[in-house]
Structure formats: structure tokens, C-alpha cells
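Subject: Structure handover

Hello,

Here is the structure you are taking over. My notes on what turned up follow below it.

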Amino acid sequence: MNTILRGPLYAGAPPSVGSTCEGEGLIDWTVTVTNPNGTATANTLAEVAKVARVPLSVDLQENYRLAEKVAPAVVHVRLVISAKASFQGQEFAMPEQEGDVAGVVVDPSGLVLAGSPMHMVRNLEAQMPGLTISMGLNRPRVRLPGDAKEHEAVLVAQDATLGLAYFQLVSPPGPLASVDLSVGTTAGVGDDLYGARRLDRAFDDALAVQRARVAGTIEQPRRMGIVRGEFREHGLPLFRADGSPAGVYAIQLGVSGAGETLDASDMLGGLLPLEQVRASLALARKRVPDALVKARSSTAEPATPAMDAAPAKD
């Protein structure tokens, strides 16, 4: 099989290794190896290192094993988003917009985790006294992999601290493939991670696996890893190469000082620690029964529920 290996550009790299440049100072080598189980083992890397004489790591082609493990749980949630704002006595209503958000099933019963903008909304309200914003995530429907049907769902809760939303399928077609966030450990600085997301319906909801790396940590406005790389899907988990969860990607708005205003440069892509996500998920699970009762007993559009913030520290 062909295995793509990546290492620093090195003048002494043997010409016998086929290569294509990608990015400044990096080179990708495509090497044909024979491996009965279809994975690049430590022995394979050791053999390549004898001729390459540079540090090597297995790149995305090998980590598409991750896709096989998590793909069935990665979904799209179709929403109608409404918003109203009030500032200094004036009210503004924004036109409804329909669109997809990325989600992942986190319980076989059909509980779906996705991103929510409410943490950024609350941050803006805190920075601008007198500003009030209400936002609705209405009429959610979930598209499962390989199923063209949109399944009715209900918004269970939004975590306005972490920026997470939870949706529950009203009548799931049996137990669903899911990502178990109770396992795994939070990634640390320098760890290579992988995220899985689905492209738009125009591209068949195809799965894409992308790389990321933890480049540092912040403590304010909450403890998070600083994420750099290709993956930027707010509310979806990031995984280690073995498929174990390592945290959840979230876009975080910074906190301005006195007299300062926030702009796009004050937004950061970060990794929420699993401990925080688990606490948030536990609160959401408790709200599922009531949300289902209301969804099944009323055709009226439900109000957007909120829940107590998950703890910002371990």
C-alpha cells in the first residue's frame, strides 16, 4: 500500500523516495510498504527512517481508520435560526435563516451534541451594557449517515458557558452509533489530533477528516487548549489517532479590558477539556425526558431552554 509520511525538508533526503513539497519547510514522501494489517507499524517507520534520516510521523492516510470508527456518529442538524436584539430601548428582529450545523451523536438513544453561539452572545452582552439578545434554534431535524430522511428532534438545552447545544431525536430508528465521551483523556500541548466533519448536502454529506494540534493553553476566560490546524468545527470532538476523544473544539471570544472593544482577532479556536464537557453532558441528559414529553404532547414551537453552566474548572 502507499503510505504518506511527513517530515521536515532535508537536503540529504534520498532521491529514491518519491516526494512532493507541501508547505514551507515540509515534504511529503509516498512510500510503498507491505503490511498485512494495512497499518503503518513502528517497524515500517523504522525502515523508512534508515533512508530518510529525519523524524517521521504517519499522516492522514493512515488515520482514515479514525473515520471508520467515528463516521457513523457524525451528523448534520437542520435548524431555523431566529434572533432578536434590544439595545438602548430599540428592538431589532433579524430574518429567520435555515441551515445546517455539525453534530455528533453522544448517546445511542439519539442525543446529539453540536455547537451553540450562546456563549459568545452572553459575552457580547457583558461587554455592552443594555444589550439583550435572544436566539432560537427552532424546528431541528437530524440527518443520519446514509439516511436521506430528516428525523424530528427537540432542543434539549444550550450551555451558555461552553457554547454547546444538545438535541434529542424524538423517534430514533433504533440505537444509534455514538461517540462515548466518558472515555479518553484531554490532550496536552504538542499532541496531534484529528476531527471528523461532514461536508454540505451539495457534496453528499461526505465525511472529511482533518488534522489539528494543541499549540498551548489559556486560563481566561476559561481553561482551554489553543488549537491550530485544519479542523474548525465548533462543538465537535477532536480525537487521538486511536479514535479516543481528547476534547471538544470550541470558538471562544476573549474578554476585553476597560475601554476596549472586541473584534475578530479576539476569537480563538480552543479545546474544551473533557471534564468540562462531561459535566455539561450530564446536565443535558437529565433534561431529555422532559424535553421529549413536551415535544410529543405539543405541536407548538418550544422555547429555547438554557441550563446551568458547566464548571469552568476541573
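The cavity search comes first. It returns one cavity of 30 Å³ or more. A cavity here is a set of points on a 1 Å grid, over the protein atoms alone, where a 1.4 Å probe fits but cannot get out. Grid points are joined across faces, edges and corners, and the volume is the space filled by probe spheres set on the points. The largest cavity holds about 30 Å³. Its lining consists of V74, V104, A196, L236, P237 and F239, where a lining residue has an atom within 4 Å of a point. By class, the lining has six nonpolar residues, no polar ones and no charged ones. The classes are: Ala, Val, Leu, Ile, Met, Phe, Trp, Tyr, Cys and Pro nonpolar; Asp, Glu, Lys and Arg charged; the others, Gly among them, polar.

Two notes on the basis. This is a predicted model: local features need pLDDT of at least 70, side-chain atom pairs count only at pLDDT 80 or more, and totals for chains, interfaces and linings use all residues. Residues are numbered from 1 along each chain as its sequence is written, and side-chain values use heavy atoms, with hydrogens and water left out.

Overall picture. The protein chain has four helices and 16 strands; these are DSSP runs (helices H or I, at least four residues; strands E, at least two), numbered from the N terminus. Of its 314 residues, 46% are buried (under 20% relative accessible area; exposed is over 50%, partly exposed in between; 1.4 Å probe, protein chains only). Among contacts with a separation of 6 or more, 64% join residues 24 or more positions apart. Contact means heavy atoms within 4.5 Å.

Aromatics. How many aromatic pairs does a search of the whole structure find? It finds one. F231 and Y249 pair edge-to-face, at 6.0 Å centre to centre and 85° between the planes. The pairing rule takes rings of Phe, Tyr and Trp (its six-membered ring) with centres within 6.5 Å; planes under 30 degrees apart are stacked, over 60 edge-to-face, the rest tilted. F231 sits in the loop between β13 (224–229) and β14 (237–239), and Y249 in strand β15 (residues 245–253), so the pair ties together parts that are 18 residues apart in sequence. F231 is buried at 1% relative accessible area. Y249 is buried too, at 5%.

Q210 belongs to strand β12 (residues 207–218). It is buried, because its relative accessibility is 15%. Its side chain makes a polar contact of 3.1 Å with that of R197. A polar contact is a pair of N or O atoms within 3.5 Å; within protein, one must be able to donate a hydrogen and the other to accept it, and residues adjacent in sequence count only if both atoms are side-chain atoms.

Y166 is in strand β10 (residues 164–169). It is buried, at 1% relative accessibility. Its side chain has a polar contact of 2.7 Å with the side chain of S280. The Y166 side chain also reaches the backbone nitrogen of L281 at 3.3 Å. Y166 and R285 are 119 residues apart along the chain, yet their C-alpha atoms are separated by 8.9 Å.

Last, Q276. It lies in helix α4 (residues 274–297). Its relative accessibility is 0%, so Q276 counts as buried. Its side chain reaches the backbone oxygen of R223 at 3.5 Å.

Best regards

Technical notes. 1 Å grid on protein atoms, 1.4 Å probe; cavity = no way out; pocket = protein on both sides within 12 Å on 5 of 7 lines; lining within 4 Å.
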